Structures are given as C-alpha cells and as structure tokens.
Amino acid sequence: MTSSPQKKILIIDDDPQIRMLLKDRLEANDYAVIQAENSVTGLELTKTDPPDLLLLDLQMPEMDGMEVLQHIRQQALDVPVVIMTAFGSIERAMDALKLGAYDFLPKPCKPDHIMMVVKNAIERKEMQEQNQYLRQEIERQYHMVIGESDAMRHVMDLARSVAPSKTTVLIGGESGTGKQLMARSIHAMSDRRDKPFVQVNCTTLSEQLIESDLFGHEKGAFTGAIKRKKGRFELANKGTMFLDEIGDLPLSLQAKLLHVIEYGEFQRVGGTDTLTADVRFIAATNKDLQKEVRENRFREDLYYRLNVVTVQLPALRTRMNDIPLFADHFLKKHSKAMQKNVIRLAPATIEQLKKYSWPGNIRELENAIERAVVLSYGSEITPNLLPQLSDASEKDRINIGLPLDEAMVHFKKEFITRTLQSVDNNQSKAAKLLNIQRTYLNRLIKELGVTI
Ligand SMILES: Nc1ncnc2c1ncn2[C@@H]1O[C@H](COP(=O)(O)OP(=O)(O)OP(=O)(O)O)[C@@H](O)[C@H]1O
Ligand SMILES: [Mg+2]
C-alpha cells in the first residue's frame, strides 16, 4: 500500500471547545490540523497555507461563515468546505450548499459522522484533482495543430508568424478542418497566452442575445436584465476574442462589431458610457465571405477589416499524406482518454483510411478513430472496426440488413444534404423547411458530417 501524505484541515470556529474537540478527533485519525478563531484570520490562512479541507462554523461574530463562503467563491479558491451549523438551522445550511459548500455537519457534531464527512470530502477533492490532471495532460499533448504535408506546414508557418502581433486573422476552411484549434493555437503562441481566450459563436445566439453577450448590459436594459452584466468583449480584455462562424453574424451587428475592432470602444446594451478594451480578434468561417459580400449579406468594410491575414485550412482530401499521422495522433489521444491499450493501426486500416475522401475532414477522421478505439478489444485497430467508409451517396448505403438506427442515420444525412442543396446551403431556410431550430440543424450537420 502506498501511504499518501497527511491531509491538512483548517478549522474556523470562534468556540475554542469545539476547535479542541475536532482537533483531537482529526489528529487521532492522522489528519494535520490548523485552526483559526475568526474568519479573517481563517481566510488569510486559506490563501497562505491552503488546506485540503475547511471546516467552517456558520455562526460567528463579525464575518460569518456565509461571507467566508462568498469570499472563497469570488476568489475562486480551490478548497472544499464543510460547514458546521447549529441543529435546527437547516435552511442556512441549504443556503451554504448553494454557495458551493460540499456538505454540512449539524452541531453538536457526532465523531463518527465528522470522520465520514471529512473523509468523503477529501476523497472527492483527490478524485477531482486526478481527473483534472489527466484531462490537462491529454489537453497538453493532444490539443495542438499537427500536420506534415506541405499545405499544412505552410499554414502553420503563417500562423506562427502572425501570432505575436495584434493583427486580426481570418481563418477559413471547410467544416472540421481545425479552424477552432488553429485559433486557439494562435492565441497560445502569442504573448496574450496567459490572458483569456474568449469564444463567441455567431450562429447560435439570437440577435439581442449576441449583442448583450458581446457588449454586456446595464441593469434594466431589457426584461430579464436584473443586474448589470459584463459582456464577453470586456472579459476578453488583454486577451483574444474568437468569433466563430462570423459569416452568420446578423447584418445589424456587423457595423457595431466593425467599430469595436477599429477603435476598441463599445457600449453596454442600455448604457451610455463608452468603454474600451484591448482585444485581439480572430474570426473563422466555412462560408465564402467574398460571395457573402457580393450578395449583400456581409459588409464589405468588415470583410476587409477582418481579412488582414487569412489562414486557409486545407481540406483533408487535399493532404492525404497527413492521414497516417492524424490517425495515429487520434489513436493515442483516445486510447489514453479511455484508458485502453490500443497501440497501433493495422496497415490495412491505414489503406482504408487513405481511400476515403473525408467530406467531414479531420473531425470525421477523429470520430472514426474514436469509435474504433471504443470498439476494440485488442492492441490493434483492424479495418472491421472502422465505420463503413465509402464515397457512395448516403442513399446507396441504406441496404437491407442494416440495423434500423444505422439506416436512420444515413437517411437523415441524405435528407439534410438534399434539403440544404435545395436552398443553396442557406441554413436558416433549411431549418425552416425541416421545422427544426437552426442551432439543432447546425449540430446535426456536424454530427452527421454533412458537407456544405
Ligand atoms: N491540424 C490538426 N491537428 C490535430 N487535430 C486537429 C487538427 N485539425 C483539427 N483537429 C481536430 O479535429 C476536430 C475538429 O476541429 P475544429 O473543431 O477546430 O474544426 P472547425 O474547422 O472549427 O470545424 P467547424 O467548421 O465544423 O466548426 C477537433 O477535435 C480538433 O482537435
Ligand atoms: Mg469550429
């Protein structure tokens, strides 16, 4: 058995007797104990000598436990809190749980109960830390732009050279080619990397919501605006703002956005003060913006303002050389995330992957590999674990013998593709015809790998 280092517990309680009792119990169970007789000292300790758990009395003179909880939350301190409250004040305990306390102990505390709650809270924190560590590690190793084909190297060089400046970058490319990943990596290569990367999806929000989402609003600006709220633009100060699907930004907001990009100035909805923020913009779209400009759906001045540098991501079918590299990258990523030991792709599998045209690009490839890892039992991915990859039309894939749910997937894909084609790929119109929300259509397009 491995012995883990002693866990440290901080007790904040103004009653010395209770502190003594808890300290004895906890120390007898091999915990290290520090104590504070008031909230101010206690809060200070949570910062200078962070404990693994905080036992907090709710009722104290001066600053009470609720305020301590509020401070902890506001300052995003990462410490689980168990509150102690007099028997009968269950409502206050509930309020404390709402404020993020992990659990509560009614006073007078029963020793067995204390130990159980403390043990659970500490175990949960450890589990969270382990998960977070694993996620961060996968993130670090696998969330970077890769590619060895000439097309990809060229794009990566360009990205590297524009990253350090404040230049606006427009990222183009079909769905699933890695536009979002590229935006993140440009941010990560800039000296703004430690500042926020704020993403806005211009498709999914209604007009009024986008505006208040971007610029914030004053209290009472519209029904439901019960208090003043900062917009994402303010939150992105000193960092980068990523405007995803910029081609879908309603015309009415394009002028406002242009002003913000040019002058760094904006007003909250319902406000009169002019505020400023220092933000670097990266926009992405899978639409042909020049065409949108010609057809008066996108302002020409905004287009030129965004298009200072364009990073055009190549479709996967134009860089088939990268397929083995990508496949292997995703194999490692997903077998690690699923804690499976799949080591390699059989040569026949790679051959299969190279024969397909990948209309959904890297996302579709990643999904195929992820699915294969889920299905695999051995250490190798054999071709039978791949989804049916063929460039035949969806209609031709609906053969007798398919399970109904699989046939439905092909049908949906074919039906959505045709509907989109019938309205010149206008997603709003297609959503109306299909009688579904546009955001839902957008999700289906991605999930099913519909090419537009
Ligand atoms: N060059 C790359 N290297 C590694 N992974 C990549 C690369 N390009 C894309 N991916 C992966 O492919 C998936 C899709 O990428 P991303 O979401 O960035 O695409 P997108 O162009 O924004 O798509 P959409 O237009 O549908 O929003 C992600 O899981 C991403 O990590
Ligand atoms: Mg995207």
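Predicted model: local features only at pLDDT ≥ 70, side-chain atom pairs only at ≥ 80, totals over all residues.
L10 has L54 of strand 3 as its bridge partner.

## Helix 1

Helix 1 covers residues 16-28, and at 1.5 Å a residue its 13 residues should span 18 Å. The C-alpha atoms at its ends are 18 Å apart, in agreement with that expectation. The buried residues I18, R19, L22 and L26 belong to this helix. Viewed down the helix axis, the buried residues fall within an arc of 100°, so they line one face of helix 1. An α-helix has 3.6 residues a turn, and therefore residues three or four places apart point the same way. The face turned away from the buried side carries P16, Q17 and A28, which are exposed.

At the N-terminal end, helix 1 is capped by D15, with a side-chain oxygen 2.9 Å from the backbone nitrogen of Q17. Just after the helix comes D30, which adopts a positive phi of about 70°.

Another open sheet has 5 strands in the order 7-10-13-6-14, and its pairing is parallel. At its edges stand strand 7 (197-201) and strand 14 (309-312); each has a single partner strand, so one side of each is left without a neighbour in the sheet. From one strand to the next, the twist averages 20°.

Strand 10 (residues 240-244) pairs with strand 13 (residues 280-285) in the parallel sense over 4 bridges, and L243 has A283 of strand 13 as its bridge partner. Strand 6 (residues 169-172) and strand 14 are also paired in the parallel sense, over 4 bridges. Here V169 has V309 of strand 14 as its bridge partner. V309 and V311 form the covered face of strand 14, whereas T310 and Q312 form the uncovered one. In a regular strand the side chains alternate between the two faces of the sheet.

## Nonpolar core

The largest nonpolar core comprises 29 residues. Those with the most contacts inside it are F233, M241, L243, I246, L257, F281 and F298. Two or more residues each are given to this core by strand 7, strand 10 and strand 13, and likewise by helix 8 (207-215), helix 10 (251-263), helix 11 (289-294) and helix 12 (300-306). Helix 10 contributes the largest share, 5 residues. In soluble globular proteins, nonpolar side chains tend to be buried together.

E370 is located in helix 15 (residues 361-375). This residue counts as partly exposed because its relative accessibility is 31%, and the partly exposed class lies between the limits of under 20% for buried and over 50% for exposed. Between E370 and K98 the separation is 272 residues in sequence and 37 Å in space, C-alpha to C-alpha.

Key
Residues numbered from 1 in each chain as written. Chains lettered and ligands numbered in written order. Heavy atoms only, no water. Expected span 1.5 Å × (residues − 1). Buried < 20%, exposed > 50% of the residue type's maximum accessible area, 1.4 Å probe, protein only. Arc of directions from axis to C-beta. Polar contact = N/O pair within 3.5 Å; in protein donor to acceptor, adjacent residues only side chain to side chain. Pairing = 2+ DSSP bridges. Axes fitted to C-alpha atoms, helices over the stretch in contact; angles between N-to-C directions. Core = buried A, V, L, I, M, F, W, Y, C linked by side-chain atoms within 4.5 Å.
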